[in-house]
Structure formats: C-alpha cells, structure tokens
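Hello,

Here is the structure I promised to pass on. Please open it first, then read my notes below.

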Amino acid sequence: MALIEAKKISKIYETGEVKVEALKNISFDIEPASFISFVGPSGSGKTTLLNIIGCLDKPSSGSMFVNGTDVAALDRVRSSMFRGENIGFIFQDFNLIPVLTVYENIEYPLLMVQNVGEEERRKRISALLKDVGMADQGNKFPDQISGGQKQRVAVARALAVQPKLILADEPTANLDHASAYMVLDIMKKMKKEFHTTFIFSTHDPKIVGEAEIIYTLEDGELKKRTAVKKSKKAKGGKHA
Ligand code: ADP
Ligand code: MG
C-alpha cells in the first residue's frame with residue numbers, strides 16, 4: 001500500500017476579494033521508505049502541499065491518504081493526534097527550543113506525545129545523537145552549536161517518536177552547501193535505518209538530485225515526476 005495517496009488536491013486561498021489557486025488538481029502516490037523532493041520556485045505551492053500532507057492545513061477539495069487515513073477529512077483534534085503519532089517535522093529555521101539542551105530538545109516530543117518510559121527515552125536519544133554525529137553535544141544549548149548541527153538535532157528530534165513520515169520544508173535553506181549535503185546524507189541514512197519516508201521541499205537546484213524521486217511544482221500544478229538514478233553521487237562539500 002502507498003504511504004501517501006494524493007487524489008485531486010486543490011487549494012484556494014481567499015483573502016477578501018482575492019483568490020489564489022495555490023494547488024491545482026494534484027494527484028500522486030508515495031511509497032513507504034522513500035526519499036522524495038518537491039521542487040519549484042517560491043510561490044509554486046510547496047509549503048501548502050506539505051502542510052496538507054502534514055495535517056496542518058486542509059485542501060479545498062480532494063483527498064490526502066496518509067497511511068490509509070484521509071487526513072483531509074479529520075477534525076482538528078484528530079488531525080493533531082494523527083500528526084503527533086505519525087509525522088515528524090523539520091523546519092527551515094530549525095525551531096529548536098533555546099532554553100532546552102540538545103538532549104532535551106530531542107526528548108521533548110517523546111514527553112509531549114507518547115508515553116515512553118525514562119529508560120527507553122535515554123536509549124533512544126543516545127542512539128539518535130550518535131546517528132546524527134552529535135553524541136558528545138547533548139548538553140549544549142542551541143546557541144552553542146552551528147546551523148548544520150542544529151538541523152541535525154532537528155532530524156533526531158523528528159525521528160524520536162519513530163514516525164512513518166518526516167516532512168522537511170526547505171530544511172537546507174539556511175545552511176551552507178557542505179552542511180546542506182551533510183543534513184541530506186543523514187536524512188538518507190536514517191531513511192534506510194528506520195524505513196521512514198522523508199519528503200523535503202527545496203528551491204535549490206543543487207540539492208534536488210539528492211532525492212530518489214523529484215516532483216516539480218509550477219504555479220500550483222504538478223508538472224513532472226523524475227526518478228533519480230541510484231548511482232548518482234552527491235557532489236560538493238566534505239562529508240566528514
Ligand atoms: P512555496 O512554498 O512553493 O513558496 P506556498 O505554498 O507558500 O509556495 O504558496 C503558494 C501560493 O499560495 C502563493 O501564491 C502564496 O502567495 C499563496 N499563499 C500561501 N499561503 C497563503 C495564505 N495563508 N493566504 C493566502 N495566500 C497564500
Ligand atoms: Mg514555502
């Protein structure tokens with residue numbers, strides 16, 4: 001079964017007299033454990049689409065099945081429950097909580113959403129810190145680490161509840177290229193390890209090819225689906 005099935009998704013924003021057709025009749029399927037990118041210029045509809053997949057917003061018409069549930073049809077309470085249990089988020093500006101340490105930031109969603117015991121939390125967080133190359137940084141605060149490191153913490157935080165799906169809206173927009181590739185490498189590695197589907201949006205053509213499948217949006221329309229050859233290797237930046 002597909003993890004995501006979008007069926008004829010349209011979204012119209014109405015502000016006063018003005019109507020913006022942000023998404024126009026979009027349909028696609030995404031398989032479990034995929035590494036997907038939505039690409040397109042600013043204003044093409046990437047954020048709107050990710051927000052609909054992530055139950056943060058509703059389409060004007062169409063259905064969006066995520067793991068068999070039509071999230072477009074859920075009410076507010078169910079949306080937020082579904083989101084907490086099934087979806088992790090990574091943001092352009094990291095959104096780490098400044099008064100919490102790196103360790104506590106990763107722990108936070110585990111305390112908020114799931115009833116995971118202390119021992120299990122400690123195990124999970126230590127393993128994640130190691131996975132993202134931050135094993136010795138757990139006690140630092142967000143303002144003591146670099147942008148690339150912050151985003152690696154955000155990847156670990158998104159994985160903490162072991163979601164089926166992680167959505168990352170322009171996760172590399174505030175990173176230099178070496179850090180951007182490193183963050184994408186880690187997401188790819190995590191995808192393999194946990195069989196999590198990662199969907200990231202970008203308008204940076206240089207990092208697009210890191211995805212397995214690229215969907216191109218233009219002016220609210222899904223213009224193209226491109227499968228990237230597996231052998232294609234990332235260029236640029238050291239991956240130390
Ligand atoms: P992208 O993420 O690709 O830059 P968006 O999904 O943010 O694109 O925006 C798609 C279109 O919808 C744009 O024309 C944008 O101005 C419009 N839009 C986005 N959010 C809103 C909103 N809350 N109200 C009105 N128009 C919006
Ligand atoms: Mg956007």
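**What I found**

Of the contacts in the chain with a separation of 6 or more, 70% join residues 24 or more positions apart. Contact means heavy atoms within 4.5 Å. This is a predicted model, in which local features need pLDDT of at least 70 and side-chain atom pairs count only at pLDDT 80 or more, while totals for chains, interfaces and linings use all residues. Residues are numbered from 1 along each chain as its sequence is written, chains are lettered from A and ligands numbered from 1 in the order written, and side-chain values use heavy atoms, without hydrogens and water.

**Overall**

The chain has seven helices and ten strands. These are DSSP runs numbered from the N terminus: helices are H or I with at least four residues, strands E with at least two. A compact globule of 240 residues would have a radius of gyration near 18 Å, and the chain agrees, with 18 Å. That radius is taken over C-alpha atoms, and the globule rule is 2.2 Å times the number of residues to the power 0.38. Of the 240 residues, 50% count as buried. Buried means under 20% relative accessible area (1.4 Å probe, protein chains only).

Six strands form an open sheet with mixed pairing, in the order 6-7-8-3-9-10. Two strands pair if DSSP finds at least two bridges between them. The edges are strand 6 (87-90) and strand 10 (221-227). Strand 6 runs parallel to strand 7 (residues 165-169), joined by four bridges. Ile90 stands opposite Ala168 in strand 7.

Helix 1 (residues 46-53) packs on the sheet, touching strands 3, 6, 7, 8 and 9. Six of its eight residues are buried, so helix 1 is largely enclosed by the rest of the structure. Those six are Lys46, Thr48, Leu49, Leu50, Ile52 and Ile53. Cys55 follows helix 1, with a positive phi near 60°.

**The cores**

The largest nonpolar core has 41 residues. Such a core is a set of buried Ala, Val, Leu, Ile, Met, Phe, Trp, Tyr and Cys residues joined through side-chain atoms within 4.5 Å. Ile90, Ile106, Val155, Met187, Phe198 and Phe200 touch the most other members. Helix 6 gives the largest share, eight residues.

Take Ile90. Beyond its neighbours within four places in sequence, Ile90 has contacts that include Val155, Ala168, Met187 and Phe198.

A second, separate core has 28 residues, among them Ile4, Ile9, Leu23 and Leu74.

Best wishes

How values were computed:
Axes are lines fitted to C-alpha atoms, for helices over the stretch in contact, and angles run from 0 to 180 degrees between N-to-C directions.
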